[in-house]
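Welcome! Please take a moment to turn the model around on your screen, and then we can walk through it together.

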Amino acid sequence: MKITRYKLFILLFYSGYFATDQQVKVIKYPALDKLINQTKDSVLVVNFWATWCKPCVEELPHFEKVSAQYKNKSVKVVLINLDAVADLNKKVKPFVAKNKLRATTIYLLDEPDYNSWIDKVSTDWSGSLPFTLIVSPENKSRKSFEQPLTQNQLETALKAFVQ
């Protein structure tokens, strides 16, 4: 059977080869709390961001690089988007696809009353973005950053958690 370019394209397209749409799952605070507080075997890097936050957008590539760099070293990078749920399909998913965010896990937090959960994430967090939290396995120690991080700052902070 002769495979034409068209047939090859169709085969690859439907097999997901060209899929660039990273899954963005909508979660509520209890799922986020479980994620942050029940880390067992990996260092957890959680970055809170929004598509409308310029410093957030500028630092996202650093989290992608760290996720790829530490993928075999028990480090899990999670991006928590704080856009409105109504913007999931028209802003967040297109943003994720356009910026090729693939190495990290991405959630959109559906909790518009920020004051009800920010202190639960970290008492060091005033609510400004971006915000990054690094949690050690077994939740023995945490480090938080209420500022944009450079690649070097992120890697330096992470090295203190990675054995």
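Leaving aside its neighbours within four places in sequence, which residues is Ile134 in contact with? Before we get to that, please keep in mind that this is a predicted model. Now to Ile134: its contacts beyond those neighbours are Val43, Leu44, Val45, Ser141, Arg142, Lys143, Phe145, Ala157, Leu158 and Phe161.

The largest nonpolar core has 29 residues, and Ile134 is listed with Val45, Trp49, Val75 and Leu158 as having the most contacts inside it. Several elements give two or more residues to this core: strand 2 (43-49), helix 3, strand 3 (75-81), helix 4 (88-98), strand 4 (105-109) and helix 6 (151-159). There is also a second, separate core of 20 residues, and Leu35, Leu82, Tyr107 and Val135 are among its members.

Let us step back for the overall plan. The protein has six helices and six strands. Reading from the N terminus, the elements follow the order α-β-α-β-α-β-α-β-α-β-β-α. Of the 163 residues in the protein, 42% are buried. Looking at contacts with a separation of 6 or more, 72% are made by residues 24 or more positions apart.

Next, follow strand 5. Five of the five residues of this strand are buried, so strand 5 is largely enclosed by the rest of the structure.

Which strands pair with strand 5? One partner is strand 2, joined to strand 5 by five bridges, with the two running antiparallel. Within this pairing, Asn47 has Thr132 as its bridge partner in strand 5. Another partner is strand 6 (residues 142-145), which is also antiparallel to strand 5 (residues 131-135) and is joined to it by four bridges. Here Leu133 stands opposite Ser144 in strand 6. Strand 5 and strand 6 form a hairpin with six residues between the strands, and in it Glu138 takes a positive phi near 65°.

Now look for the rings. The whole structure contains eight aromatic pairs. A pair of aromatic rings is described by the distance of the centres and the angle of the planes. For Trp49 and Phe95, the ring centres are 5.4 Å apart and the planes meet at 35°, so this pair is tilted. Trp49 belongs to strand 2 and Phe95 to helix 4, so the pair ties together parts that are 46 residues apart in sequence. Both Trp49 and Phe95 are buried. Elsewhere in the list of rings, Tyr29, Phe48, Tyr114, Trp117, Trp125 and Phe131 form one aromatic cluster.

Trp49 and Phe95 also lead us to Leu60. Leaving aside its neighbours within four places in sequence, Leu60 is in contact with both of them, as well as with Asn47, Leu79 and Leu101. Leu60 lies in helix 3 (residues 54-69). Is Leu60 buried or exposed? Its relative accessible area is 1%, so it falls under the 20% limit and counts as buried. Leu60 and Leu149 are 89 residues apart along the chain, yet their C-alpha atoms are separated by 9.4 Å.

Finally, find the sulfur atoms. How many disulfides does a search of the whole structure find? The search finds one. Its partners are Cys53 and Cys56, whose sulfur atoms are 2.3 Å apart. The link of Cys53 and Cys56 is right-handed, with 75° about the S-S bond. Cys53 has a relative accessibility of 5% and therefore counts as buried. Cys56 counts as buried too, because its relative accessibility is 0%.

Notes:
Residues are numbered from 1 along each chain as its sequence is written. This is a predicted model: local features need pLDDT of at least 70, side-chain atom pairs count only at pLDDT 80 or more; totals for chains, interfaces and linings use all residues. Side-chain values use heavy atoms; hydrogens and water are left out. A disulfide is a pair of cysteine sulfur atoms within 2.5 Å. Buried means under 20% relative accessible area, exposed over 50%, partly exposed in between (1.4 Å probe, protein chains only). Contact means heavy atoms within 4.5 Å. A nonpolar core is a set of buried Ala, Val, Leu, Ile, Met, Phe, Trp, Tyr and Cys residues joined through side-chain atoms within 4.5 Å. Two strands pair if DSSP finds at least two bridges between them. Rings of Phe, Tyr and Trp (its six-membered ring) pair if their centres lie within 6.5 Å; planes under 30 degrees apart count as stacked, over 60 as edge-to-face and the rest as tilted.
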